[in-house]
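Below are my comments on the model you sent.

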Amino acid sequence: MERRVRVRFAPSPTGPLHMGGVRTALFNYLFAKKQGGDFLLRIEDTDQNRYVPGAEDYIIESLKWCGLVPDEGVGFGGECGPYRQSERKAIYKQYADYLINQGFAYFAFDTAEELDTLRKQAEAEKQVFSYDLHTRNGLKNSLTLSPGEITDRLQRGEHYVVRFKMPENRDIVEEDLIRGRVSFNTNQLDDKVLFKSDGMPTYHLANVVDDHLMQITHVIRGEEWLSSMPLHILLYESLGWAETRPRFSHLPLILKPEGKGKLSKRDGDKLGFPVFPLLWKDPETGEYSRGYREDGYFPEAFINMLALLGWNSGTEQEFFSIDELIEVFDLSRVVKSGARFDPEKAKWFNRHYLQLKSAQELAELFKPELVSKGIVVDDHKLETIVSKIKDRCEFVKDLWAQSCYFFVAPETYDEKTVKSKWKSDTSEKLLVLADFFETVADWEADAIKEEFSAFMASKEWGFGAVMVPVRLALVGTSTGPDLFEILELVGKEEAIGRIKTAISKIQ
């Protein structure tokens, strides 16, 4: 009988969630939903020294903002909990004891100072010290000590760790669902620590035990964990779980926009873009790090952009809703090599999703900014204004820059336009035009345009003589939507007032 697909996203609460972590969560989520399975959130907080207050809440809020809501996990319930590893502490010791009793692991009593000395000695000889099958028989552990001495040390409460006993000269072969056949020889692998005398497991033991107990069928994680895979496979085998162990997939790195290496916060700071989904305040330094949400990105744009970092659908399509991503997602189309992040492409995605939103939706998002400036405008007018300028915007925050002249008169005028378009007779013509506008009864764009055209013809003036100067007076620049639509939306009295103000200021 085929098992129900179950995947997990298992971050450590050691700081803000990087966008690479969000992509890992996304690919797990898409895979689970495509297969009709479950997506779990597990918080791996066994390393209490690196625990950062607020990081766990940040992770959960980030997933919610992205729309990647877990079926089970911390904050979401489920039948396989607790989903926070620090609350599962009592579970792990029995498995560490089992591995020792079966000869798959051993106690090691070497102190940190002793191991540091060995590392320095090896370094002086231009070697690298590794606690492994080549060195373990000369070190202070239960493979070399007598049973009585082991018992005495444990009874005295001496500090120890439990290390996995890596077998000699075995090839560990796995068919990674992204990378294909991957092989490791155990002679090149060290004896990793699984458990410590303070009762806390390390990542390796806790990860394998939890994945088994939570019935995880597929492990989809970053390529930095690829080197841990042979140990994890051997742990499943040693614990008697080889038949039900999960399949592995290792995702490529997200690379920095320029140069070599993976994307870091430093790259974002240097080039001016966020690398975290939400704004983050460091609890120790008080330093803020930018977030995609606070920078004005829509979650659907952020998710669409992330999905295409290292994966493609095999078609020319670039815009996908989350439902479309679920429908077409396949791990076989995840690339093996790193995916370079392009901050300009991220903006391009956001622009696309902004254009898809209705004027009504954008007007609602724009209102808080107008309220903060003390501007009151009726909904219909605001929606009309937004519809005229949205195609010039990438973010909601751009709406003000593109539409401010609808609400407040310009205080300055573009010097280049003044120099090239404001002629010696412009002021005189605009005064006549202002008087004409006083006579226009129907202040609606089409009607204004019709009467304006007749007026210009009667004066035998070319449109170029006054069109740009009028726009300059209303907007402050030579850009913007249709001039007659601006006139209508600004209002008759305000438009005439702005023309007269421009004449006096520019004159």
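**Notes on charge pairs and overall form**

1. A salt bridge joins the side chains of K367 and D379, at 2.8 Å from N to O. K367 belongs to helix α12 (residues 359-372) and D379 to helix α13 (residues 379-389), so this contact ties together parts that are 12 residues apart in sequence. K367 is partly exposed, at 23% relative accessibility, and D379 is also partly exposed, at 38%. Please keep in mind that this is a predicted model.

2. A second pair is E318 with K345, whose side chains form a salt bridge of 2.9 Å, N to O. Distant parts of the chain are linked here, 27 residues apart: E318 sits in the loop between α9 (299-307) and α10 (322-328), while K345 is in helix α11 (residues 343-356). E318 is partly exposed with a relative accessible area of 29%, and K345 is partly exposed with 31%.

3. The side chains of E158 and R153 also meet in a salt bridge, with an N to O distance of 2.3 Å. E158, at 24%, counts as partly exposed.

4. Some charged residues are joined in a network: R8, R42, E44, R88, D210 and D211 are linked by salt bridges. Over the whole structure, the search finds 37 salt bridges. As background, side chains of opposite charge can pair when their charged atoms come close.

5. The surface also carries a patch of negative charge, made up of D442, E444, D446, E450, E451, D482 and E488. Which helix gives the most to the negative patch? That is helix α17 (residues 445-459), with three residues. D482 comes from the loop between α18 (463-475) and α19 (483-490). The relative accessible area of D482 is 35%, so this residue is partly exposed. A patch member must have over 30% relative accessible area and no salt bridge, and D482 at 35% is over that cut-off.

6. On the overall form, the protein has 20 helices and 14 strands. Its radius of gyration is 33 Å, well over the 23 Å that the globule rule gives for 507 residues, so the protein is more spread out than a compact globule. Along the principal axes, the C-alpha atoms fill a box of roughly 110 × 55 × 35 Å. Of the 507 residues, 49% are buried.

Methods:
Residues are numbered from 1 along each chain as its sequence is written. This is a predicted model: local features need pLDDT of at least 70, side-chain atom pairs count only at pLDDT 80 or more; totals for chains, interfaces and linings use all residues. Side-chain values use heavy atoms; hydrogens and water are left out. Patches are made of residues with over 30% relative accessible area and no salt bridge: like charges are joined within 9 Å, nonpolar side chains (Val, Leu, Ile, Met, Phe, Trp, Tyr) within 5 Å. Accessible areas come from the Shrake-Rupley method with a 1.4 Å probe; for residues, only the protein chains shown count as cover. A salt bridge is a side-chain nitrogen of Lys or Arg within 4 Å of a carboxyl oxygen of Asp or Glu. Lys and Arg count as positive and Asp and Glu as negative; His and the chain ends are not counted. The place of a charge is taken as NZ of Lys, CZ of Arg, CG of Asp or CD of Glu. Helices (H or I, at least four residues) and strands (E, at least two) are DSSP runs, numbered from the N terminus. Buried means under 20% relative accessible area, exposed over 50%, partly exposed in between (1.4 Å probe, protein chains only). The radius of gyration is taken over C-alpha atoms; the globule rule is 2.2 Å times the number of residues to the power 0.38.
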